[in-house]
Amino acid sequence: IVVEAAHVSTDAGRVAVLLALLDSNAAAAGSVLRVPQDYPTIQVAIDAAAGGDTVVVSPGAYVEQIDFNGKEITVESTDGPGSTIIDGNLAGTVVTILAGEGQRPVLRGFTIRNGYNFPDAGGIFAYGGPALIEGNRVTGNFGCSGGGIEASFSSATIRDNVVSENRPNCTG
């Protein structure tokens, strides 16, 4: 916002300038999309999100596979992996994060389970830019090139995750 007037002489003018500044700061911060309060599934919230938005997920078990769709967004749980689960139902990779150069999508605070894919990862598949994957439990997934987490051609940061009991589903 550029304010060209050197002096705003009325209270109404001052209020208008203040509201414009507050509105621009809110837009820069991004929106918060709440699951299931505002959106029934994590994927529906991701589809509605724009770059810079945060998808906040309340406790529960969500049976779905999610794809960030190349968006630079944050998807995080409110209460951590002990109470917020994304269950792939053995129908594909549970979480797919494709990021462009310089994009930093974030996945934080989930149990990721029951993913199944060939040839990619069953749990989390990250490709491209510097995604941040932290504070998750990745367990009980099947995949050929990464049962739990696969970072392919990626500069992803993978930290503070518990990755256990994932298995390969290929031979050779």
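Reader: What is the mean pLDDT of the protein?

Author: This is a predicted model. The mean pLDDT of the protein is 86, and 83% of the residues reach 70 or more.

Reader: Over which residues is the pLDDT below 50?

Author: One such stretch is residues 1-8, which has seven contacts in the model beyond near neighbours in sequence. Residues 13-27 also have pLDDT below 50, with eight contacts counted in that way. Where pLDDT is low, the predicted coordinates should not be read in detail.

Reader: Understood. How many helices and strands does the secondary structure come to?

Author: The protein has two helices and 17 strands. Of its 172 residues, 41% count as buried.

Reader: And the contacts between residues at least 6 apart in sequence: what percentage join residues at least 24 apart?

Author: The figure is 67% of those contacts.

Reader: Turning to the sheet of five strands, what is the strand order?

Author: The order is S3-S6-S9-S13-S17, in an open sheet with parallel pairing. Strand S3 (60-63) and strand S17 (162-164) are at the edges; each has a single partner strand, so one side of each is left without a neighbour in the sheet. On average, neighbouring strands of this sheet are turned by 15 degrees against each other, direction ignored.

Reader: How many bridges pair S9 with S13?

Author: Three bridges pair strand S9 (residues 111-113) with strand S13 (residues 137-139), in the parallel sense. Thr111 stands opposite Arg137 in S13.

Reader: Which strand do four bridges join to S2?

Author: That is strand S5 (residues 74-77), and S2 and S5 run parallel. Val55 stands opposite Val75 in S5. S5 is also joined to strand S8 (residues 106-108) by three bridges, again running parallel. There, Thr74 has Val106 in S8 as its bridge partner.

Reader: Let us move to the largest nonpolar core. Which residues touch the most other members?

Author: They are Ile42, Val55, Val75 and Val95, out of 25 residues in that core. At least two core residues come from each of strand S1 (32-35), helix H2 (42-48), strand S2 (54-57), strand S7 (95-99) and strand S11 (124-128). H2 provides the largest share, three residues.

Reader: What is Ile42 in contact with, leaving aside its neighbours within four places in sequence?

Author: Ile42 is in contact with Val35, Val57, Tyr62, Glu64, Ile66, Val75, Ile86 and Phe110. In soluble globular proteins, nonpolar side chains tend to be buried together.

Reader: Next, the aromatic residues. How many aromatic pairs does the structure hold?

Author: The structure holds three aromatic pairs. In one of them, the ring centres of Tyr116 and Phe142 are 6.1 Å apart and the planes are at 50 degrees, so the pair is tilted. Tyr116 lies in strand S10 (residues 116-117) and Phe142 in strand S14 (residues 142-143), so the pair ties together parts that are 26 residues apart in sequence.

Reader: Why do Tyr116 and Phe142 count as partly exposed?

Author: Tyr116 has 40% relative accessibility and Phe142 has 27%.

Reader: Which residues form the aromatic cluster?

Author: Phe125, Tyr127 and Phe153 form one aromatic cluster.

Conventions. Residues numbered from 1 in each chain as written. Predicted model: local features only at pLDDT ≥ 70, side-chain atom pairs only at ≥ 80, totals over all residues. Heavy atoms only, no water. Pairing = 2+ DSSP bridges. Axes fitted to C-alpha atoms, helices over the stretch in contact; angles between N-to-C directions. Core = buried A, V, L, I, M, F, W, Y, C linked by side-chain atoms within 4.5 Å. Buried < 20%, exposed > 50% of the residue type's maximum accessible area, 1.4 Å probe, protein only. Contact = heavy atoms within 4.5 Å. pLDDT = per-residue confidence, 0-100. Phe/Tyr/Trp six-rings, centres within 6.5 Å; stacked < 30°, edge-to-face > 60°.
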